[in-house]
Amino acid sequence: MAATTGAEPSAAIRARVEAARQIQRQRLEPFGLHTNSQMQARHLKQFCRLDSEGEKLLEMVVDRLGMSARSYARILKVARTIADLAGEESIRQPHLAEAVQYRGLDRKLG
């Protein structure tokens with residue numbers, strides 16, 4: 001946070017967030033939803049498919065940390081949002097790993 005170089009300008013961050021929100025609205029509008037956080041299990045199956053690397057990573061995390069189905073779903077929703085912010089159509093392993101990290105922080109703080 002103290003670094004003064006290489007920081008992304010607020011305007012660029014705002015543009016990425018607005019673009020991600022638009023992607024989510026377009027994807028979820030037919031279901032009467034607006035954001036990834038509102039997705040249910042059927043939406044996760046459709047919009048949060050993982051490649052084999054992602055499946056292995058998430059399986060390992062669930063096994064090691066003993067996560068519930070609810071935690072699993074939250075990780076997928078966050079990973080979908082991270083992928084949207086990156087402008088990626090698919091959830092890739094780095095998106096999933098970042099979501100897992102956030103979940104780990106959430107568990108420590110909560």
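Helix α4 covers residues 69–85, and its 17 residues should span 24 Å at 1.5 Å a residue; the C-alpha atoms at its ends are 24 Å apart, which agrees. The expected span is taken as 1.5 Å times one less than the number of residues in the helix. Helices here are DSSP runs of H or I with at least four residues, strands are runs of E with at least two, and both are numbered from the N terminus.

This is a predicted model, in which local features need pLDDT of at least 70 and side-chain atom pairs count only at pLDDT 80 or more, while totals for chains, interfaces and linings use all residues. Residues are numbered from 1 along each chain as its sequence is written, and side-chain values use heavy atoms, with hydrogens and water left out.

The chain has five helices and zero strands, so that its elements read α-α-α-α-α from the N terminus on. Of its 110 residues, 31% are buried, where buried means under 20% relative accessible area, exposed means over 50%, and partly exposed lies in between (1.4 Å probe, protein chains only). The accessible surface of the chain is about 7,700 Å², and carbon and sulfur atoms hold 52% of that surface. These areas come from the Shrake-Rupley method with a 1.4 Å probe, and for residues only the protein chains shown count as cover. A contact means heavy atoms within 4.5 Å. Among the contacts between residues at least 6 apart in sequence, 48% join residues at least 24 apart.

The loop between α3 (52–65) and α4 holds S68, which counts as partly exposed because its relative accessibility is 39%. A polar atom of the S68 side chain lies 3.1 Å from the backbone nitrogen of S71. Within α4, the buried residues are S71, A73, I75, L76, K77, A79, R80, I82, A83 and D84. Just after the helix, G87 takes a positive phi of about 75°.

N36 counts as buried because its relative accessibility is 1%. Its side chain makes a polar contact of 3.0 Å with the side chain of D84. A polar contact is a pair of N or O atoms within 3.5 Å; within protein, one must be able to donate a hydrogen and the other to accept it, and residues adjacent in sequence count only if both atoms are side-chain atoms. Leaving aside neighbours within four places in sequence, N36 is in contact with Q24, R27, L28, K77, R80, T81 and D84.

The side chains of S37 and T35 are joined by a polar contact of 2.9 Å. S37 and V78 are 41 residues apart in sequence, yet their C-alpha atoms are 7.8 Å apart in space. H34 has its place in the loop between α1 and α2 as well and counts as partly exposed at 48% relative accessibility. Not counting residues up to four places away in sequence, H34 touches Q24, R25 and L28. The C-alpha atoms of H34 and Q24 are separated by 6.4 Å, with the two residues ten apart along the chain.

The aromatic rings come next. Rings of Phe, Tyr and Trp (its six-membered ring) pair if their centres lie within 6.5 Å, and planes under 30 degrees apart count as stacked, over 60 as edge-to-face and the rest as tilted. The count by this rule is one aromatic pair. F31 and F47 form this pair, edge-to-face, at 5.9 Å centre to centre with 75° between the planes. F31 lies in the loop between α1 (10–28) and α2 (41–47) and F47 in helix α2, so the pair ties together parts 16 residues apart in sequence. F31 counts as partly exposed at 34% relative accessibility, whereas F47 is buried, with a relative accessible area of 17%. The charged end of R27 sits over the ring of F47, 5.9 Å from its centre; this requires NZ of Lys or CZ of Arg within 6 Å of the ring centre and within 35 degrees of the ring normal.

Helix α5 (residues 93–109) contains H95, which is buried with a relative accessible area of 5%. The H95 side chain reaches the backbone nitrogen of R92 at 2.9 Å. Leaving aside neighbours within four places in sequence, H95 is in contact with A79, I82, A83, A86, E88 and S90.
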